[in-house]
Amino acid sequence: MDSPLNNKLITESSLFENNTKPRHRTARFWMSIFQISTVIAIIALSALLITIVNNAFGYVIYESDVDPDTLAVNGVAVDDLPKEELMAVLQSNISQGLYRRFEHDMPFEERTREDVLALIYERVIDPKVVTQYSLSDSIFKRSEIVQFAAVEYPKAELIFQSWINWDFVKAPQSGDPLRAGVRTAVFGSLWTILFAVLLAFPIGVGAAIYLQEYADDNWINRIIQTNINNLAGVPSIIYGILGLAIFVRLLEKITSGAFLGVVDPTTANGRTILSAGLTLGLLILPTIIINAQEAIKAVPSSLKQASYGLGATRWQTVWHHVLPNALPGIMTGTILAISRAIGETAPLVVVGASTFITIDPNGPFSKFTTLPIQIYQWTSRPQDLFRNIAAAAILVLLMMLLSLNASAILLRNRFSNRN
Amino acid sequence: MDCENQLMGQTPSNVSGKEIMVENRTEEAAMDANMATISDLKVGLKKRPRFGENLIQAFLFFCGVVSIIITIGIVYELGKESLLFFTRRQWEETNKPLAFDIDAQVTQFAVGSSGMSLREDQIIRVGEEAMRIVAVADGIITVERGYLDTLAVSHSAGVEILNGRVVTLGEFFGKTEWNPQIGKFGIWALANSTLLTSVVAILVALPLGLSAAIYLSEYASERARKILKPVLEVLAGVPTVVYGYFALNFMTPLLRNIFGSGVVEIYNTASAGIVIGILILPLVSSMSEDALSAVPRSLREAAYGLGATKLETAIKVVVPAAFSGIAAAVIVAISRAIGETMIVAIAAGAGPAFTFNPFKAAETMTGHIVRISGGDLSYDSIDYNSLFAIGLMLFLMTLGLNIISQRVVKHFREEYE
């Protein structure tokens with residue numbers, strides 16, 4: 001037992017023991033570092049969402065020229081009055097000249113009750129925002145805010161406002177943050193996406209079929225593949241510059257609609273929905289190709305071989321067997337590409353999105369603005385109120401993206417259930 | 001047997017298959033039903049031309065080539081307009097008028113004393129006519145008339161002299177002031193702030209993203225990974241304009257609270273850089289996590305078997321094995337940070353400034369493109385051309401990084417099994 005070898009073993013094992021503790025300490029220390037990093041990453045990302053929600057809701061102190069309660073007729077609040085009485089209220093509270101001008105713009109017989117009510121709010125009550133609070137302040141400092149409002153602005157009204165509401169979604173763009181909405185921007189986004197998909201989907205899927213099913217391994221096909229991978233990494237603003245040079249400037253005759261005889265002096269410069277849509281189409285093309293390639297790759301080769309074995313041609317195999325099986329995957333990839341395109345801002349600024357549009361776009365040759373552009377513009381404004389409606393617009397955008405992503409996930413699930 | 005013999009016997013004596021068929025049809029038509037089927041099959045098996053298929057294949061090939069056309073389009077347009085930027089003579093105002101009327105023959109005349117001073121060899125323009133200055137003395141200049149193939153004509157007193165200048169590559173890459181109004185085109189004013197935001201972004205994203213990736217791949221339970229990874233990826237899909245809003249309305253006030261609003265300007269590159277870091281964080285962590293998870297389990301088990309702790313296994317075995325994937329992720333993230341536009345356009349400031357202080361406002365290359373193209377940009381102006389020169393530089397930078405990343409993956413990949 002007392003052999004030198006055993007002694008050596010004992011000392012080494014105690015050495016080993018001594019060494020283990022600090023090693024485990026280091027291991028634990030770094031593990032907590034890794035854990036904390038992950039938590040910080042998640043916190044940083046959730047701070048993003050919290051900031052937006054924080055600005056999209058909160059208390060607002062409104063001060064009106066005329067207290068709405070004084071406009072009540074026979075105890076019926078102004079909001080509930082019938083149209084005739086509203087007209088009477090309006091007539092008695094504004095100058096005759098102004099009333100006649102409204103009558104001239106559009107006869108009151110033709111106006112709806114809501115329209116007249118809106119006029120009363122705009123011209124008679126005219127609520128103005130004195131102060132607005134963030135959601136966190138509204139929750140945690142509620143009593144202070146109520147007290148402050150009661151002391152400083154006794155006549156004013158304190159309302160908990162959700163900046164995102166149906167009126168906000170419905171209203172067109174306006175210089176007044178209280179009346180501004182995102183309707184024109186949402187329509188602009190939908191129109192541009194439509195043209196982007198019309199361009200990118202057929203070409204993208206075609207290119208994916210070519211690369212997966214037709215292309216031999218030769219230099220030109222290798223170049224095409226490498227090139228697509230590189231295009232996917234090109235910054236989006238470069239596509240904007242390309243769109244400006246090609247679609248807006250070079251193809252101005254086509255993108256402005258001049259070749260069809262669309263003569264609209266406001267859109268004659270090629271900065272139209274069509275240009276924007278085509279630019280976005282080029283932008284999402286590499287993504288669509290890569291996603292479609294993955295989907296086609298996933299089709300089992302036994303299916304193809306069975307088809308070839310029965311004497312089908314290449315295209316018959318692709319059309320009847322490969323594409324139907326790859327379609328859910330292709331659709332999922334396309335939806336993800338669309339959700340990228342919907343959020344793109346920089347290329348559209350370069351292509352020339354308009355800053356201020358109050359009329360809905362009505363075709364490919366209209367001037368346009370999109371939801372992200374709207375958010376960008378409102379964010380750049382110094383006034384506080386624009387920060388709130390920018391947050392509301394962001395929520396609208398995120399909801400659009402969320403529903404797109406949800407449909408992509410649903411498609412994917414259906415696909416994986418079937419196989 | 002009979003048929004076979006006949007068929008075999010006939011083949012050598014006839015030159016082509018067609019003749020066999022003809023003979024079969026005419027001489028032995030009624031002889032054997034099997035025979036007829038075989039010869040029909042022969043016809044049927046011949047490759048028929050399929051125009052429809054060829055057309056489709058041509059269309060599909062065209063679709064594949066579109067991506068190349070796009071690349072060529074990008075390179076051609078950026079190159080063409082950049083070339084114009086570096087070769088076109090820009091006519092800038094000198095605020096210096098002609099002192100007297102001159103006619104087409106005069107080569108020596110007086111100019112007003114106000115405005116920019118003129119030098120020898122300078123190209124100037126009066127009206128539509130270009131001239132080269134031969135000598136300057138006491139407000140009187142000697143010129144070569146009708147320069148640059150323009151026509152020498154008479155001009156009246158008071159017409160402003162325009163100065164013609166060309167932006168040289170040396171000036172573009174050597175100077176640090178960018179101000180098109182006064183003809184200063186030093187790209188470093190813009191490139192420096194792009195590098196500043198990108199460095200800040202990588203300083204944020206690399207340690208956090210890599211740590212998160214190691215945690216997710218080596219430590220986290222299967223369930224935690226299944227929840228955390230999609231969360232990170234979904235947030236990577238949030239539009240960048242939203243991140244810009246976040247930078248301006250959360251990060252900037254936070255920095256101003258920490259460092260004092262005297263130190264941190266409202267628009268600053270630090271805030272934009274940090275938020276770009278948050279934006280690329282999911283990219284780094286997700287791509288690195290993929291690379292780490294792809295390392296075979298046997299390597300880890302061998303390390304554990306030798307008594308290594310989890311940390312030692314992760315740092316000394318798994319991370320080196322996944323190095324190529326991690327490096328590629330980082331390079332792609334850098335390229336993304338350089339090309340990022342909306343965050344810097346919103347939060348980094350509008351106005352080129354050459355500064356290394358991350359708390360000062362400074363416009364980046366992408367931010368500058370967005371700002372000057374936002375208004376009514378007129379074609380063939382120096383602003384329009386400069387946009388393409390900046391774009392070309394941006395394109396080459398990001399393309400180079402992407403190619404390097406693909407090379408890294410290819411050459412440093414450790415192959416297992």
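Tutor: Of the contacts in chain A between residues at least 6 apart in sequence, 77% link residues at least 24 apart. The model is a predicted one, and every value below is computed from it. Buried residues account for 41% of the 419 residues in chain A.

Turning to the overall build, chain A contains 17 helices and three strands. Its radius of gyration is 31 Å, whereas the globule rule gives 22 Å for 419 residues; the value is well over that figure, so chain A is more spread out than a compact globule. The C-alpha trace of chain A spans about 110 × 75 × 40 Å along its principal axes. The domain assignment divides chain A into domain 1, covering 58-161, and domain 2, covering 183-418. Between the C-alpha centres of domain 1 and domain 2 of chain A there is a distance of 43 Å.

Three strands form an open sheet in the order 2-1-3, with antiparallel pairing. Strand 2 (128-132) and strand 3 (157-162) of chain A are the edge strands, each pairing on one side only. From one strand to the next, the twist averages 40°. In general, the strands of a sheet pair through backbone hydrogen bonds, in either a parallel or an antiparallel sense. Strand 1 of chain A, residues 57-63, runs antiparallel to strand 2 of chain A and is joined to it by four bridges. Within this pairing, Ile61(A) has Thr131(A) of strand 2 as its bridge partner.

For a view at the level of one residue, consider His321(A), which belongs to helix 14 (residues 314-343) of chain A.

The partner, chain B, comes next. Contact between the chains involves 67 residues of chain A and 72 residues of chain B. Helix 4 of chain B (residues 51-87) supplies 19 residues, the largest share of the side of chain B that touches chain A. By residue class, that side of chain B comprises 45 nonpolar, 22 polar and five charged residues.

Chain B also has paired strands of its own. Strand 2 (residues 108-110) and strand 5 (residues 140-147) of chain B run antiparallel and are joined by three bridges. Here Ala110(B) lies opposite Ile140(B) of strand 5. Strand 5 of chain B also pairs in the antiparallel sense with strand 4 of chain B (residues 129-137), over six bridges, and in this pairing Val143(B) of strand 5 is the bridge partner of Ile133(B). Strand 4 and strand 5 of chain B form a hairpin with two residues between them. In the turn of that hairpin, Asp138(B) has a positive phi of about 50°.

Technical notes: Residues numbered from 1 in each chain as written. Chains lettered and ligands numbered in written order. Predicted model: local features only at pLDDT ≥ 70, side-chain atom pairs only at ≥ 80, totals over all residues. Domains from an automatic or database assignment. Pairing = 2+ DSSP bridges. Axes fitted to C-alpha atoms, helices over the stretch in contact; angles between N-to-C directions. Rg over C-alpha atoms; globule rule 2.2 N^0.38 Å. Buried ≥ 20, exposed ≤ 12 C-beta atoms within 10 Å, placed from the backbone. Contact = placed C-beta atoms within 7 Å. Nonpolar A, V, L, I, M, F, W, Y, C, P; charged D, E, K, R; others polar.
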